[in-house]
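Let's take a walk through this structure together, one piece at a time. Have a look at it first, and then we'll start with a pair of strands.

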Amino acid sequence: MSSNTLPTTTSEQEPGGAASGFEGDRTADSVGGVVRAYLDRVRGGDLGALPAVLGIVVLGILFTILRPDTFLTPLNLTNLLVQAVPITVLAMGLVFVLLLGEIDLSAGVVSGVCAAVLAQVLAETSVPWWVAVLAAIATGVLIGVFTGGLVGIVGIPSFVVTLALFLGWQGVTLKLIGQGGTVPVRDPVINGISNKTLPLALGWALAVLVVLLYAALQLNRWRRQRARDLAHQPLIIVVARIALIAVVVLGVTAVLSIDRALSAVVDLAGVPYAIPIVLVLLLVLTFLLGRTGYGRHVYAVGGNAEAARRAGIDVTRIRVSVFVIGSTMAAISGIMAASRLGSVTPGSGAGNTLLYAVGAAVIGGTSLFGGRGRVRDAVLGGLVVAIIANGLGLLGVEAYLNFLITGGVLLLAASVDALARRRAAATGH
Amino acid sequence: MSVPPASPHDGSPADVPTLELRGVNKSFGVIQVLHDVAMKVYSGKVTALVGDNGAGKSTLIKSIAGIHGTDSGEFLFEGRPVQLGGPRVAAGLGIEVVYQDLALADNLDVVQNMFLGRERKNGIVLDEASMEQAAKETLTRLSVRTLKSVRQLVASLSGGQRQTVAIAKAVLWESKLVILDEPTAALGVAQTRQVLDLVRRLADNGHAVIFISHNMVDVFEVADRICALYLGRVAADVPISEVDRSQVIELITAGRSGNLGIAPAVADAGV
């Protein structure tokens, strides 16, 4: 498609040339066509999931070589996945904000505020765990409405609004938790999200179900598209994608099902509850973004707000809504973090939390300039960030180096994004 | 809403203009931009709207599109008086405008752009299949043969292809009147050819078309009627066969040409 520059187009318009039209919808119907189209896209600056997948592979090999005894163990891999959960969930919400070309610098500390609400409700009252969870999520929704209102309705740049709130919400967390304090989270259900596992059989059943469901959806879509003569990919590509998903899902389940207990007397095996929760969030948000009118309008506002406005889309409503989704996901991320750490401190969600999440979204392929990104980017990028954090922890590098490396990785991802965008503009993509 | 006796041949659709303006006036503050504008636009015909910069073309089409209100004057749509109170009202009547800056989202594909804001749904799920088919049908009806795929991102299209998509988007909605704001302004020779052919086909398919252009070659190639604006007044609204190129240029630059155009006193007062 990148060859579609002016001369080609001109020659296509000569009388007698390309009489049928839409021939691309059919030529893409071969494996070669799909591969060529993909290579063209990559050359044209749309790298998609490539950097994240490369990052996972390269970093995985690097840390395996540097720490052969500890990195690739089932225990560490499980830790790594659970570490990735709060980052990934936060990044999923940020994908929506970034799609509009906006930024939410306060997302990390919002997760802290919501976690503090959760911890205090659990500590001060005797309500069941789900009431505390709802309170935390409601806090996230309200914060999102507030932020979104300031950006979308008042019209303050999101950078400034969320920078101010970044400070403000830290004050709120401090007030809720108390100076130097720590509120423990001892609720068994909340703690269990990150620290308990599904029974082995249930874990396997769920993994198989996910693969079958994915396969059924993909094959059904392919069948319908072909039956109605719509643009569709060749069957072999669809099957290859299903096979890839099957290998990854079943492989991860297999690793998580190995007994990873350090002592021989206890059994520790199975999929932590946090993993299927992330999977559900991934499915729901992917559906929202890819298959509903709302999602389409989010992309449209991110791509060309003026075009969206003229098409009758309520741009303000979309703008407010992405901040609500961002803060709601931040609340869930805060709950996940509190579950993993078993406590909430005034520093929860501060520090490099936001940097990690923005890094995850951008490394995964979401553009900082708006208009391009998917929810799965947060998962892939979240894994890369978690591998870096986990690996550097295993290497025991000094704190200053940790900051430098993590900051450098985000900068690298943002540079790739900016260069890809320039390349896209140059090649007409 | 009775049908006014607009023409002696009432009832025969060819004689009732799709859109007729009578005595339309519009001021921005103390500056009067449109003076007693009267024009007729017929279905199946391309009406070229010409005039120098500042003659009031943009204000006029924005009034028709319902974006600006007018101070006085009548709009008759298919013979019936209408109030173009807003863009939604205009769109509801079947008036679609393709603006010069096209208003396409680069990050969406052709189908997604054509249905933007008016997506078809099954419940809450987008009905991609039906939208893709409808988009293809519309493009085929307009004999658009230059798109490789309707699932191509608009970012990867050439200027002419973008114009094509924007026009097809306007036509998708059973529009009766399509207003094209300088559709060939930024295009090369081959792409201009392609868009002019498309403009012709729009009219041949029964749409009424208002075609705004500064290019007299394009105007004489594609238009059936010409409406020349001079300082907010209609200098001429005539079949194109009644004028030649130099007359049109005189109408645009001086407001009159021979026995056509606005009265000299008015024209001079305006200068």
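Strand S6 (residues 95–98) of chain B runs parallel to S9(B), and four bridges tie the two together. This is a predicted model, so read each detail that follows as a feature of a prediction. One spot where you can see the pairing is B:Ile95, which sits opposite B:Leu177 in S9(B).

Stay with strand S9 (residues 177–181) of chain B for a moment, since it is mostly covered: five of its five residues are buried. B:Leu177, B:Ile179 and B:Asp181 point one way from the strand, B:Val178 and B:Leu180 point the other way, and all are buried. S9(B) also pairs with strand S10 (residues 208–212) of chain B, again in the parallel sense, over five bridges. Here the bridge partner of B:Leu180 is B:Phe211 in S10(B).

Now zoom out to the whole sheet. Six strands of chain B form an open sheet in the order S6-S9-S10-S3-S11-S12, with mixed pairing. Strands of a sheet pair through backbone hydrogen bonds, either parallel or antiparallel. Which strands stand at the edges? They are S6 and strand S12 (233–239) of chain B; each has a single partner strand, so one side of each is left without a neighbour in the sheet. From one strand to the next, the twist averages 15 degrees.

Further along this sheet, strand S3 (residues 46–51) of chain B and strand S11 (residues 225–230) of chain B pair in the parallel sense over five bridges. Look for B:Gly51 there: its bridge partner in S11(B) is B:Leu229. Helices pack on the sheet too. Helix H5 (residues 159–171) of chain B touches S6 and S9 of chain B, and its direction makes about 170 degrees with that of S6(B). Helix H6 (residues 189–204) of chain B lies across S3, S9 and S10 of chain B, running at about 155 degrees to S10(B).

Chain B has another sheet to find. Four of its strands form an open sheet in the order S2-S1-S4-S5, and here the pairing is antiparallel. Strand S2 (31–41) and strand S5 (80–82) of chain B are at the edges, each with a single partner strand, so one side of each has no neighbour in the sheet. Neighbouring strands in this sheet are turned by 30 degrees against each other on average, direction ignored. Inside it, strand S1 (residues 19–28) of chain B and strand S4 (residues 72–77) of chain B pair in the antiparallel sense over five bridges. One facing pair to look for is B:Leu21 opposite B:Phe75 in S4(B).

What does chain B look like as a whole? It has nine helices and 14 strands. Its C-alpha trace spans about 60 × 45 × 40 Å along the principal axes. A compact globule of 271 residues would have a radius of gyration near 18 Å, and chain B has 19 Å, which agrees. Of those 271 residues, 51% count as buried. Among contacts in chain B between residues at least 6 apart in sequence, 64% join residues at least 24 apart.

Next, turn to what lies inside. The largest nonpolar core has 186 residues, and those with the most contacts inside it are A:Leu118, A:Ala357, B:Phe211 and B:Ala228. Helix H5 (residues 74–99) of chain A gives the most to this core, with 16 residues. Domain 1 (47–196 + 272–427) and domain 2 (197–271) of chain A both give residues to the core, so it lies between them. Among the core residues named above is A:Leu118; leaving aside residues up to four places away in sequence, A:Leu118 touches A:Ala132, A:Val133, A:Ala135, A:Ala136, A:Ile335 and A:Ala338.

How far apart do the C-alpha centres of domain 1 and domain 2 of chain A lie? They are 24 Å apart. The contact takes 10 residues from domain 1 of chain A and nine residues from domain 2 of chain A. On the domain 1 side, the elements that give two or more residues are H5 and helix H12 (274–291) of chain A, and H5(A) gives the most, with four residues.

Finish with A:Val154, found in helix H7 (residues 129–154) of chain A. Is this residue buried or exposed? A:Val154 counts as exposed, because it has 8 C-beta neighbours inside 10 Å. The C-alpha atoms of A:Val154 and A:Trp204 are 50 residues apart along the chain and separated by 50 Å.

Methods:
Residues numbered from 1 in each chain as written. Chains lettered and ligands numbered in written order. Predicted model: local features only at pLDDT ≥ 70, side-chain atom pairs only at ≥ 80, totals over all residues. Rg over C-alpha atoms; globule rule 2.2 N^0.38 Å. Buried ≥ 20, exposed ≤ 12 C-beta atoms within 10 Å, placed from the backbone. Contact = placed C-beta atoms within 7 Å. Core = buried A, V, L, I, M, F, W, Y, C linked by C-beta atoms within 7 Å. Domains from an automatic or database assignment. Pairing = 2+ DSSP bridges. Axes fitted to C-alpha atoms, helices over the stretch in contact; angles between N-to-C directions.
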